Amino acid sequence: MDAIEEFGLLLKAVTRETDRRINDLLRPLGITTSQAEALQLLDRYGPLSLGELGTLVIAEGGHPSRLVDRLVAAGFAERRHASDDRRRIEISCTPRGSELAQAARERKALFRTWLAERLSEADLAPTIALLDACLAETPLAETVRQRRTRSLAGEDAAGDPA
């Protein structure tokens, strides 16, 4: 196995382990990681148009319409016409969706603590630069940029959605 293949294998394994652990933490809430991410984004930044949500959500690859349909059907989100433009549809959390977003935040904090303990001695800057290089000039690079911009602006001080 060469270094690139090993890097890909490790990256895939870390992603799967992360998803497994977070799904296990969210299962008692009855929501998936994708639903939690969308609810947390809507709760923190909403209301958002479908396109705006698509620029922030990683779980659905920029096309969150089915995810939003499921959230609306479950009563966790709602669609409304924007007050300033009736042609624009905005999505926001319902009160139940906001409760779930907060509960997901709390559950995911357990994962972040677990991971932080494992990485406490690591210098993450070179790894972050390496992963940025892997994403360069891809649609997800823009998603990461959008989330970083909001975080740097102080809109995401809670560190979510992880």
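Me: Axes are lines fitted to C-alpha atoms, for helices over the stretch in contact, and angles run from 0 to 180 degrees between N-to-C directions. With that in hand, why are α1 and α5 called oblique to each other?

Reply: Helix α1 (residues 3-26) and helix α5 (residues 95-118) have axes that cross at roughly 140° and come within 9 Å. Under 35 degrees would be roughly parallel, over 145 roughly antiparallel, 65 to 115 roughly perpendicular, and the rest is oblique. The pair is therefore oblique. The crossing of α1 and α5 is right-handed (near helix turned clockwise from the far one by less than a right angle).

Me: What makes up the contact of α1 with α5?

Reply: On the α1 side there are T18, R21, I22, L25 and L26, and they meet A104, R107, K108, L110, F111 and W114 of α5 (contact is heavy atoms within 4.5 Å). By class, those residues come out as seven nonpolar, one polar and three charged. Ala, Val, Leu, Ile, Met, Phe, Trp, Tyr, Cys and Pro go down as nonpolar, Asp, Glu, Lys and Arg as charged, and the others, Gly among them, as polar.

Me: What sort of model is this?

Reply: A predicted one, where local features need pLDDT of at least 70 and side-chain atom pairs count only at pLDDT 80 or more, while totals for chains, interfaces and linings use all residues. Residues are numbered from 1 along each chain as its sequence is written, and side-chain values use heavy atoms, with hydrogens and water left out.

Me: And how many helices and strands does the protein chain have?

Reply: Seven helices and two strands, running α-α-α-α-β-β-α-α-α along the sequence. They are DSSP runs numbered from the N terminus: H or I over at least four residues for helices, E over at least two for strands.

Me: Why does E137 count as exposed?

Reply: Exposed is over 50% relative accessible area, buried under 20%, partly exposed in between (1.4 Å probe, protein chains only). E137 sits at 85%, so it counts as exposed. E137 is in the loop between α6 (125-135) and α7 (139-152), and has a positive phi of about 60° without being a glycine.
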